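The structure is shown first, and notes grouped by topic follow.

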Amino acid sequence: MDARNHGNSPHSPVMTYEAMSVDVQRILHQLHFSTCILIGHSMGGKTAMAVALQKPDMVERLVCVDISPVPITGHSRFPTYISAMNNIHLEDQLPRSTARRLAEEQLRPVVQEAAVRQFLLTNLVKKNGRYGWRLNLEAISHHLPDIMSFPEFHSAYPGPTLFLGGADSPYISSEDYTEIERLFPEAEIQYILGAGHWVHADQTQEFIAAICRFLLTS
């Protein structure tokens, strides 16, 4: 599912893990799912953790992709990406292909990885005759401290959990293992070689295989 302020989901001025956890729980109730297997990447991974920690009976298994249940420190580039996206300027009458090319050129000095630029550009849309971002950048910018952090929980999630990181990414560090074990005592931690933060895009087949192995484990 698209998180609030992302994709085609509604925009909201509130962007906390508590609120996003409730969003997931409501969707599950609307779909009449009493239990589920949750898989989340990055911010979505933290949201999935929050659901599992708040409503452990609803989550059969949990997969957290390249994220830990700890605050993100200085290695994150996301605040820089958001700033670069906010600073894009495009004329209204431009063809979409030209607008996309110009937007990429404006992002390039800050977002140097081509794959990341292409990912960000999937959010470039034309609304009411003007180019803009599908994301609610205002709300995301305002709540960056919440997004980069993680709520405090005192009770653990007892179900099987997989933390699946990219070997070239700093987001699941050995320094996080103590907190992972405290909150997710049945967790296993794996890394996929040749993958950065976007594990599913960098090494798709290995990513799918690792999750399938985890789900088939009794």
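Predicted model: local features only at pLDDT ≥ 70, side-chain atom pairs only at ≥ 80, totals over all residues.

By class, how many nonpolar, polar and charged residues does the lining of the second largest pocket have? The lining has nine nonpolar, four polar and four charged residues.

**Second largest pocket**

- The volume of the second largest pocket is about 320 Å³.
- Its lining is made up of 17 residues, and Tyr81, Glu113, Val116, His197 and Trp198 lie nearest the centre.
- At least two lining residues come from each of α3, α5 and α9 (199–202).
- With three residues, α5 gives the most to this lining.

**Largest pocket**

- The largest pocket has a volume of about 1,200 Å³.
- There are 49 residues lining the largest pocket, and Ala3, His6, His41, Met43 and Gly44 are the closest to its centre.
- Elements that each supply at least two residues to this lining include the strand β1 (36–41) and the helices α1 (17–30), α2 (43–54), α3 (78–86) and α5 (114–121).
- Also supplying at least two residues each are α6 (137–142) and α7 (144–148).
- The lining of the largest pocket divides into 32 nonpolar, 12 polar and five charged residues.

**Position relative to the domains**

- The largest pocket lies between domain 1 (17–72 + 149–216) and domain 2 (77–142), because both give residues to its lining.
- Domain 1 and domain 2 both give residues to the lining of the second largest pocket, so the second largest pocket lies between them.

Terms used
Residues numbered from 1 in each chain as written. Heavy atoms only, no water. 1 Å grid on protein atoms, 1.4 Å probe; cavity = no way out; pocket = protein on both sides within 12 Å on 5 of 7 lines; lining within 4 Å. Points joined across faces, edges and corners; volume = space filled by probe spheres on them. Helix = DSSP H or I, 4+ residues; strand = E, 2+ residues; numbered from the N terminus. Nonpolar A, V, L, I, M, F, W, Y, C, P; charged D, E, K, R; others polar. Domains from an automatic or database assignment.
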